[in-house]
Amino acid sequence: MQVKDIAYARSGDKGDVVNVGVLALDDAAYGRLLRALTPDRIKRHFGEWVHGKVEVFPMPNINGFNILLHNALGGGATKTLRYDVTGKAFSTALLRMDLPE
Amino acid sequence: MKKIRLGAGSAYWGDLLEPAVELADKGEVDYLCFDHLSELTLAVLQRQKAKDPNEGYIKDIEPWLEATLPQARKQGFKIVTNAGGANPAGAARKVIEVAERLGIGDLKIAVVTGDDIFPDLDEMRSIGIKFPNLDTGEEDIDRIRQDIVAANAYVGGDYIARGLAAGAEVVVCGRVSDTALFIGPMMHEFGWTYDPTDKDKIGAAITIGHTVECAALATGAVSNLWRQSKDPWRPGYPIAEVSEDATAVISKVEGSGGLLNEWTVKEQLVYEIGDPNNYYMPDGIADFTTVKVEEIAPERVKLSNMSGKGLPDKLKVCIGYRDGWEGEGSLLFSWPDAYEKARRGERIIRERLKLLGVDPIELHFDYIGVNALHGPVAPEPGEMNEVGLRVAARTRTKEDADTVKRESTHLWTLGGIGTGYLSPAQPRPSVSLWPTLVSRDQVQMKLTMVEMGGARK
């Protein structure tokens, strides 16, 4: 199972930080994501694209999370050489993450 | 209970025009708010202003005002915009021209300035203000001083509120925060202030502003639910109906396209934010972890239980500086062995640049169809019909950027067989951002009222 099966995600940028908001589809999914979305697992998932630290902020009021990926956009929207200059596709990339049993 | 309706007319420079007209015609709004600025925009606008002192504002203001001002006049709603960019006074002159063309002779405009500290940098530096870089920790701006093209403080909605209190029908601002465009009217209408007793109300105002400021992004654009978005070619933009008790209902014009439900509002709530417990804005710190999001009827989503933590001591300043040039080119390789040919193309470019003695600061290759968007997260592909190769480089000189562009086109012939290429973009200056904080008292805000038929302070 992947994050895609139990959540929605949307990503954006602030300087060289990419944020990925994750919305669990129900309470059970939120509980499962609380265990799955650890900074270590997320950092491994994105590999060489995330040079800095990863922070995860739970938002229990909306069964959501905000993930911050530092130094993740090749210098930020104004200077990155990547195709996806504002990091919009980090959302769908996160949805590919496998969930532990 | 007193309620006001705020429409979000645009989210970026070059946004769609018709949804704003729909809001003006059928949204029954009290305020129509236009955001046109991004982190990069001020650098572009300052460059325009340097070439011509009458320029430096967002040109969209002309068609947008032309299309919505007649309804504003007829219904009595107010317009708030940050299209002033690097030249709010210039934008206000354009608004007057538009009004004259529409036969309006007595428009009152408020011009909010003071966010632009670019002209004051040397003086501020000379009295010991260092502008340390929040991202890199670099202590002062001296290394980049000569390359700085823009420096703007993100300012709040208080001067918008003052302009409205002075009777303005159109408020033209520069780099106010996106949320301030909505917070200003709420402060004006409900009498909310920066006093600590109002901190939850300002927290609510920030949360509400954030929910609608990106326009279509709250109504089915950039959405996981894209399949459900009705007639996505004519999206309805959001309206925040704000009550005096600091709750709000998000809606859109009945029958408009797009999608508005609990999920699209939550998608926007988590968009482009940092720590949700402390969402810093010039007007206050909002806590997004208390808000209750509730779909109370079709296309009506209620926000309640919002909170805040008071006014931050400092203002964020975004400094933009020239940092080399960017050159790029794009090729498309066909079956058979498309990916192998694309990878060989990368090797050819690298060798060509070496042969020509061009050493970019940074050289980047995207494999379109393979991993351009997901990078290391994307699995290895199987056989592909075609693969795009995009080469992009940041270089020290314009000439080097041009060489990268030119060399990319050679892959049309050197890149194997069955290769197409896109006419590449021209080399462009690359701008880096230098985020920093300054004390509030170092930014002197100013309100200028302009009345048609004569100007007064």
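Which hand does the crossing of α6(B) and α7(B) have? The exercises below work through this and other features. This is a predicted model, in which local features need pLDDT of at least 70, side-chain atom pairs count only at pLDDT 80 or more, and totals for chains, interfaces and linings use all residues. Residues are numbered from 1 along each chain as its sequence is written, while chains are lettered from A and ligands numbered from 1 in the order in which they are written.

**Exercise 1. Describe the crossing of α6(B) and α7(B).**

Step 1. Locate the helices. Helix α6 of chain B covers residues 158-165 and helix α7 of chain B covers residues 180-190. Helices (H or I, at least four residues) and strands (E, at least two) are DSSP runs, numbered from the N terminus.

Step 2. Take the geometry. The two axes come within 7 Å and cross at roughly 50 degrees. Axes are lines fitted to C-alpha atoms, for helices over the stretch in contact, and angles run from 0 to 180 degrees between N-to-C directions.

Step 3. Classify the angle. α6(B) and α7(B) are therefore oblique to each other. Under 35 degrees counts as roughly parallel, over 145 as roughly antiparallel, 65 to 115 as roughly perpendicular, and the rest as oblique.

Step 4. Assign the hand. The crossing of α6(B) and α7(B) is right-handed.

Step 5. List the contact. α6(B) brings Asp158(B), Ile160(B), Ala161(B), Leu164(B) and Ala165(B). α7(B) brings Ala180(B), Gly184(B), Pro185(B), Met187(B) and His188(B). Contact requires C-beta atoms, placed from the backbone, within 7 Å.

Step 6. Sort by class. This contact has 7 nonpolar, 2 polar and 1 charged residues. Ala, Val, Leu, Ile, Met, Phe, Trp, Tyr, Cys and Pro count as nonpolar, Asp, Glu, Lys and Arg as charged, and the others, Gly among them, as polar.

**Exercise 2. Trace the open sheet of 4 strands in chain A.**

Step 1. Write the order. It is β1-β2-β4-β3 (chain A), with antiparallel pairing. Two strands pair if DSSP finds at least two bridges between them.

Step 2. Find the edges. β1 (7-14) and β3 (54-59) of chain A each have a single partner strand, so one side of each is left without a neighbour in the sheet. The twist averages 20 degrees from one strand to the next.

Step 3. Count the bridges. β1(A) and β2(A) share 8 bridges, with Ala9(A) partnered by Val22(A). β2(A) and β4(A) share 6 bridges; here Val18(A) stands opposite Leu69(A). β3(A) and β4(A) (residues 64-69) pair over 6 bridges, and Pro58(A) has Phe65(A) as its bridge partner.

Step 4. Check the hairpin. β1(A) and β2(A) have 2 residues between them, and Gly15(A) takes a positive phi near 60 degrees.

Step 5. Check burial. In β2(A), 8 of 8 residues are buried (20 or more other C-beta atoms within 10 Å; 12 or fewer is exposed, in between is partly exposed; C-beta atoms are placed from the backbone). One side holds Val17(A), Asn19(A), Gly21(A) and Leu23(A). The other holds Val18(A), Val20(A), Val22(A) and Ala24(A).

**Exercise 3. Account for the contact of chain A with chain B.**

Step 1. Chain A gives 35 residues and chain B gives 41 residues.

Step 2. On the chain A side, β1, β2 (17-24), α2, β3 and β4 each supply at least two residues. β1(A) has the largest share, 5 residues.

Step 3. By class, the chain A side has 13 nonpolar, 12 polar and 10 charged residues.

Conventions: Contact = placed C-beta atoms within 7 Å. Left-handed = near helix turned anticlockwise from the far one by under 90°.
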